[in-house]
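Please look over the charges, contacts and backbone of the model below. A short report follows.

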Amino acid sequence: MRILFMGTPDFAVPSLRSLVESRHTVAGVVTVPDKPRGRGQRVRPSAVKKFATQYGLPVYQPEKLDDPDFLEIVESLQLDLMVVVAFRILPQSLYSIPAQGAINLHASLLPKYRGAAPIQHAIMNGEPETGVTTFFLKPSVDTGDILLQESIEIGPDETAGSVHDRLAELGAEVVLKTVTGIAEDSITPSPQDDSEASPAPKIRKKHRTIHWDTPASEVHNHIRALSPYPGAVTQWQGDQLKILRGHVMDKFTDDGDPGSVVSLKDDTIGIACARGIYGITELQPAGKRRMKAEDFLNGYTIEIGEQLG
């Protein structure tokens with residue numbers, strides 16, 4: 001199969017690697033234009049471009065995916081298939097070019113968690129499992145016929161960062177199986193059941209605020225769903241405090257106003273929730289590095305009864 005791969009972040013790299021190392025041919029790679037990234041805002045290439053360059057693959061970085069000159073280039077590649085992993089929404093004029101269409105890898109068990117942040121929303125909702133799905137592209141986002149799907153368990157204390165890394169590797173296996181299955185005509189696509197669909201929109205500022213007036217188990221799911229990036233936040237002494245890791249210390253206690261500090265131990269800061277106590281073990285004060293709770297307690301003054309939120 002002659003393939004055009006489209007992707008941008010780290011999540012897409014294992015899938016591209018699996019195709020490069022397979023019997024299929026990656027005829028080109030499409031990714032976003034280089035742009036300022038990280039501290040210092042230096043202009044840097046995407047993770048996918050860095051990998052593609054190392055392997056000498058042709059790289060295309062169009063500003064507009066429906067640009068006629070770019071579409072002409074894609075036509076000239078004589079593609080069998082387009083593989084999309086963590087990329088922009090594609091115009092139909094582009095993804096209809098390959099002889100066998102275009103497939104997408106999505107980090108959820110579709111039709112659940114359609115959208116830009118499926119991993120975060122699955123953890124936030126306390127799901128015990130998630131997975132990856134490949135499907136044929138259709139005009140409506142994340143609604144195409146399912147090709148293959150595989151699941152993993154989500155650990156009770158697992159963060160989005162860990163789940164992201166495991167799904168990236170699992171996704172690479174599923175992408176390769178899907179491409180090979182299409183080449184051998186051994187996969188039967190199945191339509192999604194729209195009645196079971198749920199949304200997973202992009203994480204916005206409003207999603208990051210910790211609501212201490214919810215049960216400790218929900219606070220725990222919220223914090224680990226946004227760790228390590230972008231991080232759940234609360235307010236303390238007039239500044240933002242990012243909470244990155246912790247655990248449920250008590251599920252049932254209802255002593256203390258939600259958001260109040262109820263215990264200070266060597267490595268844990270206990271915060272009252274609507275029901276139960278959440279123990280903070282890793283956090284990041286505004287303008288500072290992330291740190292363990294014991295380092296925070298050694299460097300800052302925080303007292304029982306103080307209010308967060």
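A salt bridge here is a side-chain nitrogen of Lys or Arg within 4 Å of a carboxyl oxygen of Asp or Glu. This is a predicted model, in which local features need pLDDT of at least 70, side-chain atom pairs count only at pLDDT 80 or more, and totals for chains, interfaces and linings use all residues. Residues are numbered from 1 along each chain as its sequence is written, and side-chain values use heavy atoms, with hydrogens and water left out.

**Overall layout**

The protein chain has nine helices and 15 strands. Helices (H or I, at least four residues) and strands (E, at least two) are DSSP runs, numbered from the N terminus. Along the principal axes, the C-alpha atoms fill a box of roughly 70 × 45 × 30 Å. Of the 309 residues, 50% count as buried. Buried means under 20% relative accessible area, exposed means over 50%, and partly exposed lies in between (1.4 Å probe, protein chains only).

**Salt bridges**

Side chains of opposite charge can pair when their charged atoms come close. A search of the whole structure finds nine salt bridges.

| Positive residue | Negative residue | N to O distance |
| Lys 112 | Glu 127 | 3.1 Å |
| Arg 166 | Glu 158 | 2.9 Å |
| Arg 245 | Glu 282 | 3.7 Å |

Take Lys 112 and Glu 127, which form a salt bridge. This pair links distant parts of the chain, 15 residues apart. Lys 112 sits in the loop between β7 (102–106) and α5 (118–124), and Glu 127 in the loop between α5 and β8 (129–136). Lys 112 is partly exposed at 33% relative accessible area. Glu 127 is buried at 16%.

Arg 166 pairs with Glu 158. Arg 166 is partly exposed at 35% relative accessibility, and Glu 158 is buried at 12%.

Arg 245 meets Glu 282 in a salt bridge. Here too the pair links distant parts of the chain: Arg 245 is in strand β11 (residues 239–250), Glu 282 is in strand β14 (residues 277–285), and they are 37 residues apart. Arg 245 is partly exposed at 37% relative accessibility, whereas Glu 282 is buried at 10%. Salt bridges with shared partners join Arg 245, Glu 282, Arg 290 and Lys 292 into one network.

**A buried arginine without a partner**

Which side chain of opposite charge is nearest to Arg 208? Asp 239 is, at 14 Å. Arg 208 is buried yet has no salt bridge. Its place is in helix α7 (residues 205–208). The side chain of Arg 208 does reach the backbone oxygen of Pro 230, at 2.9 Å.

Another polar contact joins the side chains of Thr 134 and Thr 178, at 2.9 Å. Thr 134 lies in strand β8 and is buried, with a relative accessible area of 0%.

**Charged surface patches**

Patches are made of residues with over 30% relative accessible area and no salt bridge; like charges are joined within 9 Å. Lys 35, Lys 202, Arg 204 and Lys 206 gather in a positive patch on the surface. Lys 35 lies in strand β3 (residues 35–37) and is partly exposed at 42%. A negative surface patch brings together Asp 66, Asp 67, Asp 69, Glu 72 and Glu 75. Glu 75 lies in helix α3 (residues 68–76) and is exposed at 51%.

**Backbone features**

Most residues other than glycine have a negative phi, and most peptide bonds are trans. A cis peptide bond joins Ser 227 and Pro 228, with omega about 10°. Another cis bond joins Tyr 229 and Pro 230, with omega about 0°. Pro 228 is in the loop between α8 (216–225) and β10 (232–236). Pro 230 lies in the loop between α8 and β10.

Asp 185 is not a glycine, yet has a positive phi of about 55°. Asp 185 lies in the loop between α6 (160–183) and α7 and is exposed at 68%. Gln 237, also not a glycine, has a positive phi of about 50°. The loop between β10 and β11 holds Gln 237, which is exposed at 52%.

Definitions and conventions: Patch = residues over 30% accessible without salt bridge, like charges linked within 9 Å, V, L, I, M, F, W, Y side chains within 5 Å. Areas by Shrake-Rupley, 256 points an atom, 1.4 Å probe, with all protein chains shown as cover. Lys, Arg positive; Asp, Glu negative; His and termini not counted. Charge placed at Lys NZ, Arg CZ, Asp CG, Glu CD. Polar contact = N/O pair within 3.5 Å; in protein donor to acceptor, adjacent residues only side chain to side chain.
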